[in-house]
Amino acid sequence: MIRKIILGLLGLIVIGAIGFFVFAPTIFERSVNRVESPPAESGDSQASASANGDAATEADRAMNRVSAEFLPPVSDEAIALHKSLTIVDLHADTLLWKRNLLEDVDWGHVDLGRLQQGNVALQIFSSVTKTPEDMNYDGNSGDSDQVTALVIGQLQPMRTWNSLLERSLYHAEKLINASGASEGELRTVQSASDLRSLRSARNGGTAPVGGLFSVEGLHNLEGDIANIDKLYAAGMRMAGLTHFFDNEIAGSAHGVEKGGLTDLGREAVDKMEDMGVIIDLAHCSNACIAEVISMARRPVVTSHGGVQGTCPGNRNLTDKQIRGIAATGGVIGIGYWEGAVCDTSPAAIVRAMKYVRDLVGIDHIALGSDYDGTVLVRFDTAGLAHITQALMDAGFSEEDIRKVMGENAMRVIEQGIEPLVAAEETS
């Protein structure tokens with residue numbers, strides 16, 4: 001009898017464990033990577049409609065009004081223009097999650113099907129390897145990590161359980177494997193030649209989507225500059241120096257010390273510029289941004305964020321920083337979540353873009369969604385035409401819309417991923 005009880009308990013434990021590892025990662029992701037729903041019409045309107053004897057009709061009309069205000073409809077003119085654009089998004093964290101890029105799902109923000117629906121030409125996929133507990137914009141230490149539990153819960157290879165470098169290498173493998181299984185619909189981009197081939201294919205009538213591998217925070221170097229070579233070999237062509245805490249490379253805007261570049265950081269920036277890895281200043285401290293801009297020999301980017309001119313806060317760029325990034329020839333990726341633009345509406349996103357345009361010109365604006373980055377957004381990547389519509393509504397010209405939606409980013413990426421030595425030899 002006791003033996004049967006013990007076996008029964010063990011069986012329940014096994015079933016519980018299987019359930020946890022199968023379902024928990026998806027349940028968690030559904031809770032953090034969400035698309036916002038329009039607010040319900042107030043009870044007063046419903047009651048008033050009922051009193052007039054036409055509750056259903058009036059309720060429907062009221063809900064349509066609310067929905068249109070929440071996410072205005074996209075015109076036929078905007079849809080036609082959107083289909084003709086070359087669209088680039090500088091930042092999505094999709095590789096962090098237990099999802100197949102090639103499968104259409106109804107949660108999260110990005111997969112191949114939705115990239116195709118949104119007419120995206122190139123998606124930058126970032127590798128997130130560590131995030132502190134109680135993550136906030138003001139101050140975090142690097143003493144804790146939430147990603148480890150996710151890695152184990154997703155049953156990732158054991159080599160990733162205690163190595164930040166291996167987590168990034170695994171993310172790079174996921175992108176390459178998805179590309180290989182996509183029958184040409186998803187192409188990895190690792191060179192300027194790859195980028196030109198992608199554009200040529202899209203201009204020729206097919207619509208492959210490009211995927212470029214980036215990392216979010218060089219704590220994944222684990223203090224060893226030689227690991228840049230391993231990441232480069234795996235496909236890394238953009239690198240954020242920091243994430244939510246200070247590391248061996250530089251201070252974070254959300255760290256404790258918030259310092260500038262370390263000696264290792266200066267060496268890393270020089271090395272990556274030589275190799276053809278674009279420097280991403282998103283999450284960098286003020287001191288870090290100033291120092292990188294002063295030493296940069298190539299255009300730098302902020303892949304995702306906002307500007308303090310429309311949304312105050314240390315997550316977003318000051319006017320001086322915007323001017324500094326523009327002076328390198330770089331671009332600023334505007335995000336879609338509240339911390340970036342103080343709202344989630346297309347109009348708020350475009351308001352930040354207009355601010356940058358008016359300060360430094362149209363050539364320095366890009367898309368930087370932060371999709372699948374534990375953010376709440378108003379539309380997923382299939383709905384990018386809402387930005388095109390908002391740009392039209394704000395009076396941007398067709399030429400300027402083409403630049404904002406992707407041509408600016410394409411220019412910087414094509415220049416930035418060419419090894420500096422090779423570029424100098426051909427100039």
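Helix 12 passes helix 14 in a right-handed crossing, where right-handed means that the near helix is turned clockwise from the far one by less than a right angle, and left-handed that it is turned anticlockwise. The model before you is predicted, so local features need pLDDT of at least 70 and side-chain atom pairs count only at pLDDT 80 or more, while totals for chains, interfaces and linings use all residues. Residues are numbered from 1 along each chain as its sequence is written, and side-chain values use heavy atoms, with hydrogens and water left out.

Let me stay with this helix pair. Helices (H or I, at least four residues) and strands (E, at least two) are DSSP runs, numbered from the N terminus. The angle between helix 12 and helix 14 is about 70 degrees, and their axes are 10 Å apart. These axes are lines fitted to C-alpha atoms, for helices over the stretch in contact, and angles run from 0 to 180 degrees between N-to-C directions. Helix 12 and helix 14 are therefore roughly perpendicular to each other. As to the terms, angles under 35 degrees count as roughly parallel, over 145 as roughly antiparallel, 65 to 115 as roughly perpendicular and the rest as oblique. Contact means heavy atoms within 4.5 Å.

Which residues form the disulfide? They are Cys311 and Cys342, with sulfur atoms 2.1 Å apart; the term denotes a pair of cysteine sulfur atoms within 2.5 Å. Cys311 lies in the loop between strand 8 (301-305) and helix 12 (319-327), and Cys342 in the loop between helix 13 (338-341) and helix 14 (346-360), so the pair ties together parts that are 31 residues apart in sequence. The structure holds one disulfide, and the link is right-handed, with 80 degrees about the S-S bond. Cys311 counts as buried at 2% relative accessibility, whereas Cys342 counts as partly exposed at 42%. Buried means under 20% relative accessible area, exposed over 50%, and partly exposed in between (1.4 Å probe, protein chains only).

I turn now to the interior. A nonpolar core is a set of buried Ala, Val, Leu, Ile, Met, Phe, Trp, Tyr and Cys residues joined through side-chain atoms within 4.5 Å. The largest one has 78 residues, of which Leu241, Met272, Leu281, Ile334 and Met353 touch the most other members. Helix 14 supplies the largest share of this core, six residues. Apart from it lies another core, of 19 residues, including Ala366, Ala409, Ile413 and Ile417.

Finally, helix 15, residues 385-393, has seven of its nine residues buried, so it is largely enclosed by the rest of the structure. What do these buried residues pack against? Their partners are helix 4 (76-83), helix 14, strand 10 (365-367) and helix 16 (398-416). Just after helix 15, Gly395 takes a positive phi of about 90 degrees.

For the chain as a whole, there are 17 helices and 11 strands, and buried residues make up 52% of the 427 residues.
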